[in-house]
Amino acid sequence: MKRSRGNKCFLWTYPLWLRVIVTGWLSFSAVFGFYLANSISLQHSDTLIDTRREKMEDHDTFPLQKSDKHQSRTARRNLMIIAHGRSGSSLTGDIFNHHPDVFYMYEPLQTVERTHKNFNLDYNSLAFRFLTNVLQCKFAEPNFLDAWLDDIERYYRKPLHPRISQAMASPPLCPYNMSDARWDHRLCPKMTSETLGNACKNYNELTVIKVLTSRIPYNSLEKTFSACDSQDIDCKIVLLIRDPRAVIPSSLSVRFYEEVDGPAKLGTRMFSYKLCKQTEESLHFVKNLPAWLRSHVKVLRYEDLARNPLEEMRHLYKFAGLSVLESVTTWLNESTHPTKSRSNMKIQGSQAAFTVDDAQAAINRWRWKVHPYEIIIIEYYCAHVMQLMGYRPVDRSHELQANITIPLVIEDYEAKDW
């Protein structure tokens, strides 16, 4: 018997040309399979890297208060009111200024704006530094101390003006409360960094500042948030927004910008674009905040405050952790529903900061004061912001603009649910 030979590969039973084709196909499949497996592995690695990077970026973008659990129990409580000028921020700030537990500063970054040219620092970096110090009740920066204190002394005790700080004009910084008939700002001793810091930290539970969007560091709400990046600082923000059809013409009337190119109204076009672009960026920043941080931001429409001032005051105080006081309720009711004598009284100081007004009338005042052509321009550049905030466009309808019985503020709006 012949000894059988070893089993041959089945390929040898086929013709040469077929063996070449099959061998080539198998080789290609092996190489391609190796490449595909390697590619998937690399993509998976890249996905993991991107995921880690996104987590790191999220941490960098939202460093504030990692969680309420990690917040220091001794952290200084702060609330910032951020708004465009002519949006009702003076009234909103004054709601807090009249509360005895609040250390209030009206536009503190004006101090930086007035003094930054004296130092070898640009406005943004100095404003960020000043803001961080104020949020910690610190007023002792050696290089800037005299200039800052002199400015605060000069501008925050000016009688009969909304910028005056009740906390800075009351004990322990002054011998009497402003409600006392004996009160006189000339009786208040000059403030020092120590006395100012002590009054802020030890005599008031909450620091409240109101800041215009045009003055916040780098014109960025995100950057402003990062000023709170400390376990010693507890921050909340009220983002106040008003119908741009009221804000923009009012801004022109107080020379926040100047008209350019006559009938073309280039100044209004540029200002409308800039203002509504900043508003939209701020709204989307709020929308994209992590849930635990979103609770630290309140978006407030001026129109809601004007229609229901007492109700919105209660919401604001609850958000800030303050009790509602009868004295503040009485003051707010008189300020938003003034008698004829009060509403006609002479404005002392800047008109841009005046707070005694019929709030309900203020909602619609633009409808009979502003030329329809200007409204067309504003609605063109601000259409998306108006949609987000529930402001109904008039769409070139003179009748709709003039008929104040038809409300142009919608109750349910997109940003309300963010």
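With 95 degrees about the S-S bond, the disulfide of C276 and C382 is right-handed; a disulfide here is a pair of cysteine sulfur atoms within 2.5 Å. That link is a handy way into this structure, which is a predicted model: local features need pLDDT of at least 70, side-chain atom pairs count only at pLDDT 80 or more, and totals for chains, interfaces and linings use all residues. Residues are numbered from 1 along each chain as its sequence is written, and side-chain values use heavy atoms, with hydrogens and water left out.

**Disulfides**

- Searching the whole structure turns up 4 disulfides. Counting bonded cysteines along the chain, they follow the pattern 1-4, 2-3, 5-6, 7-8.
- Helices are DSSP runs of H or I with at least four residues, numbered from the N terminus.
- C276 is buried, at a relative accessible area of 3%, and C382 is buried too, at 0%. Buried means under 20% relative accessible area, exposed means over 50%, and partly exposed is in between (1.4 Å probe, protein chains only).
- C137 is joined to C200 by a disulfide, S to S 2.0 Å. The torsion about their S-S bond is about -60 degrees, so this one is left-handed. C137 sits in the loop between α4 (123-134) and α5 (145-155), while C200 is in helix α6 (residues 193-202), 63 residues apart.
- The torsion about the S-S bond is 115 degrees, making the link of C174 and C188 right-handed. Each cysteine lies in the loop between α5 and α6, and they are 14 residues apart.
- C174 counts as buried at 4% relative accessibility, as does C188 at 9%.

**Aromatic pairs**

- The structure holds 6 aromatic pairs. Rings of Phe, Tyr and Trp (its six-membered ring) pair if their centres lie within 6.5 Å; planes under 30 degrees apart count as stacked, over 60 as edge-to-face and the rest as tilted.
- One of them is F225 with F285: the ring centres are 5.5 Å apart and the planes are at 55 degrees, so the pair is tilted. F225 lies in helix α7 (residues 221-226) and F285 in helix α9, so the pair ties together parts 60 residues apart in sequence.
- F225 is buried at 4% relative accessible area, and F285 is buried at 11%.
- Y380 and Y381 make an edge-to-face pair, 4.9 Å centre to centre with 90 degrees between the planes. Y380 is exposed at 63% relative accessibility, whereas Y381 is partly exposed at 28%.

- Helix α12 (residues 309-320) has 12 residues and reaches 16 Å from its first C-alpha to its last, close to the 16 Å expected at 1.5 Å a residue. The expected span is 1.5 Å times one less than the number of residues.
- Just after α12, G321 takes a positive phi of about 80 degrees.
- The charged end of K236 sits over the ring of F319, 4.9 Å from its centre, and F319 is among the buried residues of α12. A charge sits over a ring if NZ of Lys or CZ of Arg is within 6 Å of the ring centre and within 35 degrees of the ring normal.

Conventions. Helix = DSSP H or I, 4+ residues; strand = E, 2+ residues; numbered from the N terminus.
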